[in-house]
Amino acid sequence: MTRVMKLVRRALLAVLIAAPLPATAEIAARFDAKTGAVHVTGLGDADRAAFLAAPEHMTLKVAGANSTRGTPFQTNERSGALVLTPRFALRLGTDYAVTLDDTVLSVVLPAPDAPTPKLVGIAPSQGVIPANTLRIYLHFSEPMARGHIRDAVKLFRADGSAVPSPFLTLGPELWDRTQTRVTLLFDPGRIKQGVGPNAAVGAPLVAGESYRLVVGGTLQSAAGEVLGSDVAVALRVGAAVRTSIDPTAWHILTPPVGTQAPLTVAFDRIIDTGALRRLVTLRDSNDQQIQGHIETDGGGWSLTPMHPWSAGDYTLLIDPELEDISGNTPGVLFDAQAGTIGTTQTAIARHITLLP
C-alpha cells in the first residue's frame with residue numbers, strides 16, 4: 001500500500017470514528033469472567049472495523065479515575081462484538097469505563113465471592129477449665145466484622161438458663177491484627193473473691209458445672225458473610241487455680257541430637273496461649289534464640305527447629321509476665337490480697353542439656 005493510500009485510509013477511519021454512533025444502536029459493555037475480557041456489543045460493522053483499525057481511540061480505565069492513561073489492552077472481534085482483552089487482570093468488585101471517542105460505557109465487575117466464615121478453634125480447648133478462667137479466645141477462618149461479638153456470644157448453664165453479663169463490656173472489641181481471633185474477657189470483678197461484683201452476683205463459672213458457649217449464626221465476617229448457624233461449644237468447669245506459675249513443675253521432653261524432632265514442654269496447668277508464643281523462648285549456649293515452628297494448646301508447648309539439634313546446653317526462658325488462663329504469673333496471684341508484692345520480677349530459666 002502506497003503512502004498516499006495509507007493517508008487516505010487513515011483519514012476515512014478518522015471520519016468514521018468522529019461521526020456520532022447511531023442513536024438506535026444499543027451499545028453496551030460487559031465483563032466476561034471466563035476470559036477476563038470486556039465485550040462491547042451493539043456496534044455496526046463499520047464502527048467495529050474502525051475501532052479495530054484505530055484502537056488508540058478507545059480507553060479502558062477505572063471509573064472516575066482522573067488519569068488519562070488507562071489499562072493497556074488488545075482488541076479483536078468475536079461473534080459481532082468488539083473484544084478488549086486487558087494486559088493485566090481487572091480487579092473484581094471495581095467499576096470500569098470504556099470510552100469509544102465521546103461515548104462512555106460502564107462496566108461493572110462483580111465482587112469476588114466471599115467465603116463463609118467458620119469458628120475453627122477455641123482456647124482453652126481442654127475438656128475441663130478452671131472456675132476462675134479469665135480469658136477465652138475464639139478463632140475464625142476469615143477476618144470478622146467488628147462491633148457484633150458482644151451480642152453474638154452467649155453463655156448458658158446446663159439447665160438452659162443464660163449466665164447474665166459473663167464477659168467484661170469494653171468499648172473496643174479485643175480482636176488481633178488479622179481480625180480472626182477475638183478475646184472474651186470474663187469480668188475480673190466477678191472472679192476476684194470478696195470484691196463487690198463477686199459478692200453481689202457471684203462468679204460467671206462455678207466448679208463442677210457444665211456450660212454451653214454459643215456463637216450466634218448472624219455473626220458477620222468483614223466481607224459481610226454470616227456464620228449461618230449457631231455454633232455451641234461445651235465447657236466443663238473444674239476447681240479454681242489460685243497458685244502462681246511454677247516452671248520447675250513443667251515436664252520437658254528433649255529431642256534426639258541431629259534430628260528436627262520437637263522439644264516439648266508439658267505444663268501442670270493451662271497457660272494463656274496468647275502469652276505463650278511471646279513470652280517463652282529457647283536459647284542456645286551463645287544466648288541466641290532457637291528459631292522454629294511453635295505449637296501450643298495451652299496445656300503444652302513445642303518447638304520444632306529450623307535446623308537439626310546440636311549437642312549442648314540450652315535455656316528455656318520464661319518471662320515473668322507469663323500468665324495462666326486464670327491470670328496468675330510466676331510471681332503474682334490474680335487473686336492476691338491488696339498490697340501483695342510479687343516475688344518474681346526477672347525471667348525464669350530452665351536449663352536443658354542435649355547429649356550426643
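A residue is called buried when its relative accessible area is under 20%, exposed when over 50%, and partly exposed in between (1.4 Å probe, protein chains only). The model is predicted, so local features need pLDDT of at least 70 and side-chain atom pairs count only at pLDDT 80 or more, while totals for chains, interfaces and linings use all residues. Residues are numbered from 1 along each chain as its sequence is written, and side-chain values use heavy atoms, leaving out hydrogens and water.

Select the whole chain. Of its 356 residues, 39% count as buried. Colour by secondary structure: there are 6 helices and 21 strands, taken as DSSP runs numbered from the N terminus (helices H or I, at least four residues; strands E, at least two).

Next, select helix 2, residues 45-53. Asp47, Arg48, Ala50 and Phe51 are buried there. Look down the axis of helix 2: its buried residues line one face, because they fall within an arc of 160 degrees, taken from the directions from the helix axis to the C-beta atoms.

Now go to the largest pocket, which holds about 370 Å³ of space. A pocket is an open set of points on a 1 Å grid over the protein atoms alone, where a 1.4 Å probe fits, with protein on both sides within 12 Å along at least five of seven lines; lining residues have an atom within 4 Å of a point. The volume is the space filled by probe spheres set on the points.

Select Ile149, Arg150, Phe167, Leu168 and Thr169, the closest to the pocket's centre of the 21 lining residues. Finish on strand 12 (181-185), which gives the most to this lining, with 4 residues.
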